[in-house]
Amino acid sequence: MEHHPVSSSGPRQADQIPADLLAKIDEAVTHYPVSKRSASLPLLHLWQNHFGFIDDSGVNWIAQRLELEPINILELVTFYPWFRQEAPGKAIIRICRTLSCAMAGSYELREKFCNAVGVDPSTDHHHGLPTSADGKYSIEFVECLASCGSAPVCLVNDDLHEDVTEADIPKILTQYAS
Ligand code: FES
């Protein structure tokens, strides 16, 4: 199959794949002997878990590994908000926007978080992950975090914060400042 790599610039993740990641990828592919394409999402998760995001070289590399076209991988990366094409901040603040949290003010809460760290609230994952200029914080919406009774909630890295109000924002930002 002829491949048409998407453009790439900067340090290439595909040139820095460690042996343990390669081993995990090889192992994951064995789970899909009939259709390698089905390994696309598992490989994207492995890649992002290791590098923090998926650059063009990663898209191309995974496509080649699965004998697909780069667009087959790129469309997954751009469709699923979970996947990122650029480096996130050290703390990723994920604010639930599903019904209970939306009714409890999560849209306003996200805007306050964005304003507090100086990022444009109008940016969404289709236009890049909003990240503060100092690289400390990224802010994004997510769907239900399974804590609807304590809305609004946000997940900061692996920590769930419940009943979050505007007054909690400085404390939360300080907690993840370093
Ligand atoms: S709606 Fe926000 S946690 Fe369920």
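Is D163, with its C-beta neighbours inside 10 Å counted, buried or exposed? D163 has 12 C-beta neighbours inside 10 Å and therefore counts as exposed, where a residue is called buried if 20 or more other C-beta atoms lie within 10 Å of its own, exposed if 12 or fewer, and partly exposed in between, with the C-beta atoms placed from the backbone.

## Model and confidence

This is a predicted model, in which local features need a pLDDT of at least 70 and side-chain atom pairs count only at pLDDT 80 or more, while totals for chains, interfaces and linings use all residues. Residues are numbered from 1 along each chain as its sequence is written.

The chain averages a pLDDT (the predictor's confidence in each residue, from 0 to 100) of 91, and 92% of the residues score at least 70. Over residues 1-8 the pLDDT is below 50, and this stretch has 18 contacts in the model beyond near neighbours in sequence, a contact being two residues whose C-beta atoms, placed from the backbone, lie within 7 Å. Where pLDDT is low, the predicted coordinates should not be read in detail.

## Overall architecture

The secondary structure of the chain comes to seven helices and four strands, taken as DSSP runs (H or I of at least four residues for helices, E of at least two for strands) and numbered from the N terminus. Read from the N terminus on, the elements follow the order α-α-α-α-β-α-α-β-β-β-α. The domain assignment of the chain gives domain 1 (13-79) and domain 2 (91-175), with bounds that come from an automatic or database domain assignment, and the C-alpha centres of domain 1 and domain 2 lie 29 Å apart.

Along its principal axes the C-alpha trace of the chain spans about 55 × 35 × 30 Å. Of the 178 residues, 28% count as buried, and among contacts between residues at least 6 apart in sequence, 59% join residues at least 24 apart.

Two packed helices are described by the angle between their axes and the distance between the axes. For helix α2 (residues 40-51) and helix α4 (residues 70-79), the axes come within 11 Å and cross at roughly 65 degrees; axes here are lines fitted to C-alpha atoms, for helices over the stretch in contact, and angles run from 0 to 180 degrees between N-to-C directions. α2 passes α4 in a right-handed crossing, a term used if the near helix is turned clockwise from the far one by less than a right angle, and left-handed if anticlockwise. At this meeting, S40, L41 and L44 in α2 face I73, L76 and V77 in α4 as contacts.

Helix α3 (residues 56-65) is largely enclosed by the rest of the structure, because eight of its 10 residues are buried. These buried residues are D56, S57, G58, V59, N60, W61, I62 and A63, and what covers them includes α2 and α4. After α3 comes E67, whose phi is positive, near 55 degrees.

R12 is found in the segment before α1 (19-29) and is partly exposed, with 15 other C-beta atoms within 10 Å. Although R12 and D55 are 43 residues apart along the chain, their C-alpha atoms are separated by 7.4 Å.

## The four-stranded sheet

Four strands form an open sheet in the order β2-β1-β3-β4, and the pairing is mixed, two strands counting as paired if DSSP finds at least two bridges between them. The edge strands are β2 (137-142) and β4 (159-161), each of which pairs on one side only. Neighbouring strands of this sheet are turned by 25 degrees against each other on average, direction ignored. Strand β1 (residues 91-96) pairs with β2 in the parallel sense over six bridges, and I95 stands opposite F141 in β2.

## Backbone details in the loops

In the loop between β2 and β3 (154-156) lies P152, which a cis peptide bond joins to A151, with omega about 0 degrees.

N157, placed in the loop between β3 and β4, has a phi near 50 degrees, a positive value in a residue other than glycine; N157 is exposed, with 10 other C-beta atoms within 10 Å. D163, the residue of the opening question, is found in the loop between β4 and α7 (169-175), and phi of D163 is likewise positive, near 50 degrees, in a residue other than glycine.
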